[in-house]
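Here is a brief report on one protein chain.

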Amino acid sequence: MRAHLGDQLVIESPTTGGAKRDGEIVGLHHEDGTPPYDLHWSDTDEVTFVFPGPRRAHPPSRARTARDHPRVTAGHG
């Protein structure tokens with residue numbers, strides 16, 4: 001998994017029927033774009049340290065425009 005600043009990420013709930021959370025990657029900890037990331041959550045407006053789980057993670061998608069933010073799904077570790 002590799003990301004760039006501004007990529008959108010959706011995190012699936014670890015529980016069945018749980019809510020998905022999404023946010024924008026605002027910080028990278030490795031030059032090659034591999035996890036972990038600093039993620040700005042859309043629902044809480046907070047920035048937290050996120051390390052998406054490898055088994056259910058998919059590459060983040062770059063936002064194309066301010067109105068069109070493609071998203072991917074990633075599971076918790």
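## Strand pairing

L39 has T48 as its bridge partner in β4. The model is predicted. Strand β3 (residues 37–41) and strand β4 (residues 47–50) run antiparallel, joined by four bridges. Five residues lie between the strands of this hairpin.

Strand β1 (residues 8–11) pairs with β2 in the antiparallel sense, over four bridges. V10 meets D22 of β2 as its bridge partner. β2 also pairs with β3, again antiparallel, over five bridges. Here G23 has W41 of β3 as its bridge partner.

The table lists the pairings with a bridge partner for each.

| Strands | Sense | Bridges | Bridge partners |
|---|---|---|---|
| β1 and β2 | antiparallel | four bridges | V10 and D22 |
| β2 and β3 | antiparallel | five bridges | G23 and W41 |
| β3 and β4 | antiparallel | four bridges | L39 and T48 |

E24 is found in strand β2, which spans residues 21–28.

Contacts of E24, leaving aside residues up to four places away in sequence, are with G6, D7, Q8, D38, L39 and H40. Of these, L39 is the bridge partner of T48 in β4. L5 is 19 residues from E24 in sequence. In space, the C-alpha atoms of E24 and L5 are 7.9 Å apart.

## Aromatic rings

What lies over the face of W41? R21 does, at 3.9 Å from the ring centre. W41 is also the bridge partner of G23. The structure holds zero aromatic pairs.

## Confidence

The protein chain averages a pLDDT of 76. Of the residues, 69% score at least 70. Among the elements, β4 has the highest mean pLDDT, at 95. Strand β5 (residues 73–74) has the lowest, at 48. Over residues 64–73 the pLDDT is below 50. Beyond near neighbours in sequence, this stretch has 24 contacts in the model. Where pLDDT is low, the predicted coordinates should not be read in detail.

Note on methods
Residues numbered from 1 in each chain as written. Predicted model: local features only at pLDDT ≥ 70, side-chain atom pairs only at ≥ 80, totals over all residues. Heavy atoms only, no water. Phe/Tyr/Trp six-rings, centres within 6.5 Å; stacked < 30°, edge-to-face > 60°. Lys NZ or Arg CZ within 6 Å of the ring centre and 35° of its normal. Helix = DSSP H or I, 4+ residues; strand = E, 2+ residues; numbered from the N terminus. Contact = heavy atoms within 4.5 Å. Pairing = 2+ DSSP bridges. pLDDT = per-residue confidence, 0-100.
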